[in-house]
Amino acid sequence: MLFRILRVVDVLKPAALENGRWRAWADRLFGTDTLCRAGLQHAIAASVLMLMGGLAVVYLGGVGIAPLGWSVAWLLVMQAINLAFCAAIRLGLTRQQRDPALTELQMAHAIVQAALAYLLAGPARGAILLGLMVALAFGLFTLSTRRMWRMVAFAIATAGATMAGAALVMPALYEPQIERANFLVVLLSLPAMGLVASRLNRLRERLRVQREELQHALQRIELLATRDELTGLVNRRQMLDLLAQQHQRSVRSGHGFCLSVIDVDHFKSINDRYGHPTGDEVLRGFGSETNAAVRLSDVLGRWGGEEFLLLMPDTGAALARLAVERLRERTEALRLQIDQAEITFTISAGVTEHRAGESVAETIARADAALYRAKAAG
């Protein structure tokens with residue numbers, strides 16, 4: 001069995017190393033900043049698509065449909081601008097911008113380049129109209145509805161101005177009837193991208209709301225799992241986890257801790273005389289008052305019923321007894337106004353210091369025994 005495991009490790013190890021090398025190269029190329037990586041990948045994808053379209057225009061120049069020299073010069077300038085976008089994003093020069101990927105600026109650049117390609121393509125210019133759709137597609141998943149419609153309007157205006165100018169200057173090559181037909185195609189097709197973007201933004205907003213609701217629900221579940229619903233203090237389950245963590249820290253560091261089990265005296269008589277809602281208010285008031293009085297490092301939890309447990313880390317027995325005595329005096333002086341009745345009550349407490357080598361359960365048992373002795377002594 002051991003030899004089989006070793007053989008599997010030998011097979012997987014080169015693959016893992018290879019993946020590590022790829023990740024290292026990817027980090028060098030795209031950087032480690034999340035926004036930088038996403039923006040750079042976006043810019044590189046746009047650059048590759050524009051390069052493919054540019055090569056198609058150069059091909060038209062090679063077969064005599066478009067002017068070859070102008071086509072090559074246009075392609076070089078376009079790619080130089082694309083490389084400038086990539087360099088600015090990779091170097092972090094755009095990190096402080098609202099949109100570090102410069103999506104709108106890159107889309108505007110692509111739209112203008114599509115208009116220039118339209119002029120260069122001559123008889124094959126109808127195919128260039130697809131480039132406007134591709135340029136707008138980059139904003140579908142990132143731009144807001146308002147910004148997307150702004151880019152649609154810019155694309156329509158740029159295409160319209162290009163077609164109108166070409167028809168006026170070179171009517172023999174760019175026949176006005178054909179340009180009007182091409183512009184009609186643009187006018188009918190490009191707004192569809194705005195409608196799609198609006199729909200996607202509504203879906204994103206719905207997902208955002210659902211994600212927030214789910215997050216709030218998870219926080220609520222976590223709160224219910226760790227907090228007592230009545231008093232807002234940590235519940236017994238969470239207190240047991242905290243005690244286990246404190247015990248481990250104590251074993252490692254040698255620093256002790258103390259526990260106090262606190263009980264509201266004659267709580268049944270309060271319920272019998274004033275009713276259970278008043279009893280709940282007494283527990284809630286005591287928990288709030290006591291939790292506000294303990295140290296920030298101490299943890300007060302509801303242990304069950306009218307019993308509470310106080311965890312005091314890095315505390316000796318003498319200091320713990322003084323702290324609990326102050327809580328007892330503070331509780332004795334407390335006056336709760338509940339349903340026009342002034343409620344007073346007292347508490348009893350058992351305090352113990354954790355001993356090296358004993359379990360948390362044993363420490364709690366000694367605190368319980370001390371509590372019973374305190375109640376018996378009045």
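How many nonpolar, polar and charged residues does the lining of the second largest pocket have, by class? I shall come to the answer after an overview of the chain.

Good morning. This is a predicted model, in which local features need pLDDT of at least 70, side-chain atom pairs count only at pLDDT 80 or more, and totals for chains, interfaces and linings use all residues. Residues are numbered from 1 along each chain as its sequence is written, and side-chain values use heavy atoms, with hydrogens and water left out.

The protein chain contains twelve helices and six strands; these are DSSP runs numbered from the N terminus, helices being H or I of at least four residues and strands E of at least two. Its C-alpha atoms fill a box of roughly 115 × 70 × 40 Å along the principal axes. The radius of gyration of the protein chain is 37 Å, whereas a compact globule of 378 residues would have one near 21 Å. That radius is taken over C-alpha atoms, and the globule rule is 2.2 Å times the number of residues to the power 0.38. Of the 378 residues, 40% count as buried, where buried means under 20% relative accessible area, exposed over 50%, and partly exposed in between, with a 1.4 Å probe and protein chains only.

Let us turn to empty space. Rolling a probe the size of a water molecule over the atoms shows where such space is left. On a 1 Å grid over the protein atoms alone, a cavity is a set of points where a 1.4 Å probe fits but cannot get out; a pocket is an open set with protein on both sides within 12 Å along at least five of seven lines; and lining residues have an atom within 4 Å of a point. Grid points are joined across faces, edges and corners, and a volume is the space filled by probe spheres set on the points.

The largest pocket has a volume of about 550 Å³. It is lined by 27 residues, and the closest to its centre are Leu 49, Met 50, Gly 53, Gly 54 and Gly 131. Helix α2 (34-62) gives the largest share of this lining, ten residues. The lining divides into 20 nonpolar, seven polar and no charged residues. Here Ala, Val, Leu, Ile, Met, Phe, Trp, Tyr, Cys and Pro count as nonpolar, Asp, Glu, Lys and Arg as charged, and the others, Gly among them, as polar.

The second largest pocket has a volume of about 330 Å³. Of its 15 lining residues, Arg 328, Ile 347, Ser 348, Ala 349 and Ala 374 are the closest to its centre. To answer my opening question, its lining has six nonpolar, four polar and five charged residues.

Thr 331 belongs to helix α11. This residue is buried, because its relative accessible area is 3%. The Thr 331 side chain reaches the backbone oxygen of Leu 327 at 2.8 Å. Beyond its neighbours within four places in sequence, Thr 331 is in contact (heavy atoms within 4.5 Å) with Phe 286, Phe 345 and Ile 347.

Finally, the search of the whole structure finds two cavities of 30 Å³ or more. The largest cavity has a volume of about 70 Å³. Its lining has nine nonpolar, two polar and no charged residues, and includes Ile 111, Tyr 118 and Met 163. Thank you.

Definitions and conventions: Polar contact = N/O pair within 3.5 Å; in protein donor to acceptor, adjacent residues only side chain to side chain.
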